[in-house]
2 protein chains.
Amino acid sequence: MGKLNQMEAAKRGIVTDEIAAVAVDERREAEWIRERVAQGRIVVPANKLHTSLKPMGIGRELRTKINANIGTSPTTSCLNQELMKLDSAITYGADTVMDLSTGDNLDQTRRAIIGHSIIPVGTVPIYELACRGGSDDAIDFSKEAVLSVIRDQAEQGVDYMTMHCGIRPAMLPAARARKLRIVSRGGALIARYMAQTGRDNPFYDYFDDILEICRQYDVTISLGDGLRPGCLADASDRAQFAELAQLGELAKRCREADVQVMIEGPGHIPLDEIEMNMKLEQLWCDDAPFYVLGPVTMDCAPGYDHLTSAIGAAVGAWKGAAMLCYVTPKEHIGLPNAEDVHQGVIAYKIAAHVADIAKHIPGAMEQDNAISDARAAFDWDRQFELALDPEKARALRQEAINERNSPTPLQGTRNGEHFCSMCGAKFCSIRVSKEI
Amino acid sequence: MGKLNQMEAAKRGIVTDEIAAVAVDERREAEWIRERVAQGRIVVPANKLHTSLKPMGIGRELRTKINANIGTSPTTSCLNQELMKLDSAITYGADTVMDLSTGDNLDQTRRAIIGHSIIPVGTVPIYELACRGGSDDAIDFSKEAVLSVIRDQAEQGVDYMTMHCGIRPAMLPAARARKLRIVSRGGALIARYMAQTGRDNPFYDYFDDILEICRQYDVTISLGDGLRPGCLADASDRAQFAELAQLGELAKRCREADVQVMIEGPGHIPLDEIEMNMKLEQLWCDDAPFYVLGPVTMDCAPGYDHLTSAIGAAVGAWKGAAMLCYVTPKEHIGLPNAEDVHQGVIAYKIAAHVADIAKHIPGAMEQDNAISDARAAFDWDRQFELALDPEKARALRQEAINERNSPTPLQGTRNGEHFCSMCGAKFCSIRVSKEI
């Protein structure tokens, strides 16, 4: 563990192997990346012990990243299913994955996921803390218990950890006044502990010790938003922003301790408040990478929240979010299966790509321009190759062909021009407009 | 046909039955609606002969409307399939439908759709004009032929017609310079005619005669964007905006002739250019309702363009689009079937609703607030009732339940508090946060 961590190295002017790899991946100068890692505007989550990792960077000026959540619950899922979800997430393009397991065999599940994963793995240590407490509501929030979970997970190679260090007793009255109070599981568990004991947030109290563990292993801290709004009616309220202000102060302490830090963000936010939310985070948290869940932009479309939130995610990333935590069609309904993971990842790849184009990220439009050329050339095979989800595009094309009731061949020529006969040659705008 | 049309009546200070119905529907004063119909800022597409119609209004300050395209092609679909698509569109909440048929039996198909439809029906008369020309590329653009199609369709009760009146010869060089030239089928057919004959756009040349027919039957003109960009590389270019400027002039002539008018808009537009596109239309077309197709915000996700465009549509409507033309998962691939129509309509209901919340349309958040209350109360039945697509939400819930491998009951109580056990009682944030 003698190796410098990313922030220590960057502050000393050293371009680590990980920073060099990120620079290549992002088509930037290594020095440009290093400077921002030192400032904390880019993080490179890479636990020193996660040996299978391919390094990546997260920051507002980089390509927008997406995270997929997987993990068991006490009622659902097993290890094999989780590894299938991991594969599905990586195949379709997730940049990081979070293991949110709360079921049995947490250790075994986490080890397997980290061992299999070439992308950074995140966790929420309070889940394991709660599981260690047994089956009732008792959770041991002692310093020993809390630090032991964090240290154990760091030793397993976890690259980043969500910890809800910013929720404080003074914020509870504002949370109580809400329609849905607290929807973050970690936030709710800590809030109840504070309400019942009159004590402060243990993750806040032990923050210096937590920083020391994270510095040692190079675990990136993702400061959790325990008070993220769970419905539009609760959005952008006093509780949410009181916590964000607190997270800004903690982010500063992270950087001073050479610990990389991201800030987690909402949640459920109306479309017209997203830009303001992004700006406030940049101001209050000194441009620490903002890692947002959605945001979901309407409440009444269960079954389609990958879509309601992809709208918010695209606008959020355009206006400054660095990483998007995906939402699957099962949000508000149940635990996602592998197909839900697939749908969630694709929806978020779309949101991220749309934002990258809007942000003019280098190279963002290359694939789009290439597929447009393939459309002009009626080159279907090339269109499929360039598609975000080639299998799906091919399947829909085949479905459309099977539903035709005409003997006309699918591709043809008229006046020496190619066309495909989906619309009929006469109505093929691409063919016709070649004759102008 | 002696009855005044909507604009004539509105200009004389008369609140028609249709305007009164729109006012109730939109929770506005009838006089407020009438004033904007007179100004042309709201249109009420209602052909005097479409007797089954339930009137509705389209305008930037009203609830965002969505349109679903249906229709046969020379290679695919039959009348029954189209009526199924119509039912699917209406069931899931389309506000208008366009019959874009280019197959056989156009008349019969259109009559059946109008007869069955309680929502306004739109058409693109140039498609029938092209079909009447027979099977090769010949199209009769004579005044008699063009006006005869428009008159025949008006007599059948068509509520609004897309006509590409604004594409002019001087715009062709800019269109030729594009990656995908012209992707509007109507626009491409007119452009080729102009290029081959050296003449102007017939729909522009005969515009006064077209206005007279539309005034008589009260057909709303939807000024087509023949030069809408077909890929991001072509977005917001000289060709597109030259046509928009021309449409603004034609919109003025419509209003002077007491003909209601909408403006059609793009297309493929990067997220960061959507607001500018909406503003320019409002300025140049005196706030005539803007009826946009998407916009699609990335090119390389065939199979998911309902989603890539729902992102653009939500932002477009928030920034001023009055009606959204849906895009289905089959866009760029083939003709949609009934399930594609379903997916397209739902995606656009979502985009419209997200925008209505962002625009603070009266009552927009009622359903969202009600479902949030149901979530706090663990009232699953009520959540399903309030869902945009209850059937889908119920199906996903059932799937999640079937995939559980735990004997724990789905609903329970602990410490007198209800919870559902999807996450396990211990991790139920809604239950836990009731104890703060």
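This is a predicted model: local features need pLDDT of at least 70, side-chain atom pairs count only at pLDDT 80 or more; totals for chains, interfaces and linings use all residues.
Local features are reported at pLDDT of at least 70 and side-chain atom pairs at pLDDT 80 or more, whereas totals for chains, interfaces and linings use all residues. Residues are numbered from 1 along each chain as its sequence is written, chains are lettered from A in the order in which they are written, and side-chain values use heavy atoms, with hydrogens and water left out.

Chain A comprises domain 1 (64-358) and domain 2 (376-433), with bounds from an automatic or database domain assignment. The C-alpha centres of the two domains of chain A are 43 Å apart.

Two copies of a chain are related by a rotation about an axis and a shift along it.

In chain A, eight strands close into a barrel in the order β1-β2-β3-β4-β5-β6-β7-β8, with parallel pairing. Neighbouring strands of this sheet are turned by 25° against each other on average, direction ignored. Helix α15 (residues 338-358) of chain A packs on the sheet and touches β1 (65-70) and β8 (323-325) of chain A, its direction making about 165° with that of β1(A). Axes are lines fitted to C-alpha atoms, for helices over the stretch in contact, and angles run from 0 to 180 degrees between N-to-C directions. Helices (H or I, at least four residues) and strands (E, at least two) are DSSP runs, numbered from the N terminus; two strands pair if DSSP finds at least two bridges between them.

β1(A) and β2(A) pair in the parallel sense over four bridges, and Thr96(A) in β2(A) is the bridge partner of Asn67(A). Strand β2 (residues 96-99) of chain A directs Thr96(A) and Met98(A) one way and Val97(A) and Asp99(A) the other way, and all are buried (under 20% relative accessible area, 1.4 Å probe, protein chains only; exposed is over 50%, partly exposed in between). Parallel pairing of β2(A) with strand β3 (residues 121-123) of chain A extends over three bridges, with Val121(A) in β3(A) as the bridge partner of Val97(A). Strands β5 (residues 220-223) and β6 (residues 261-265) of chain A likewise pair in the parallel sense over three bridges, and Leu223(A) stands opposite Ile263(A) in β6(A).

In chain B, helix α9 (residues 185-197) has 13 residues and reaches 18 Å from its first C-alpha to its last, close to the 18 Å expected at 1.5 Å a residue; the expected span is 1.5 Å times one less than the number of residues. Ten of the 13 residues of α9(B) are buried, so the helix is largely enclosed by the rest of the structure. The cover of these buried residues includes α19 (429-432) of chain A together with α6 (125-132), α8 (172-176) and α10 (202-205) of chain B. Just after α9(B), Gly198(B) takes a positive phi of about 75°.

Ala322(B) lies in the loop between α14 (305-318) and β10 (323-325) of chain B and is buried, with a relative accessible area of 1%. Beyond its neighbours within four places in sequence, Ala322(B) is in contact with residues including Ile58(B), Arg63(B), Pro289(B) and Phe290(B), contact meaning heavy atoms within 4.5 Å.
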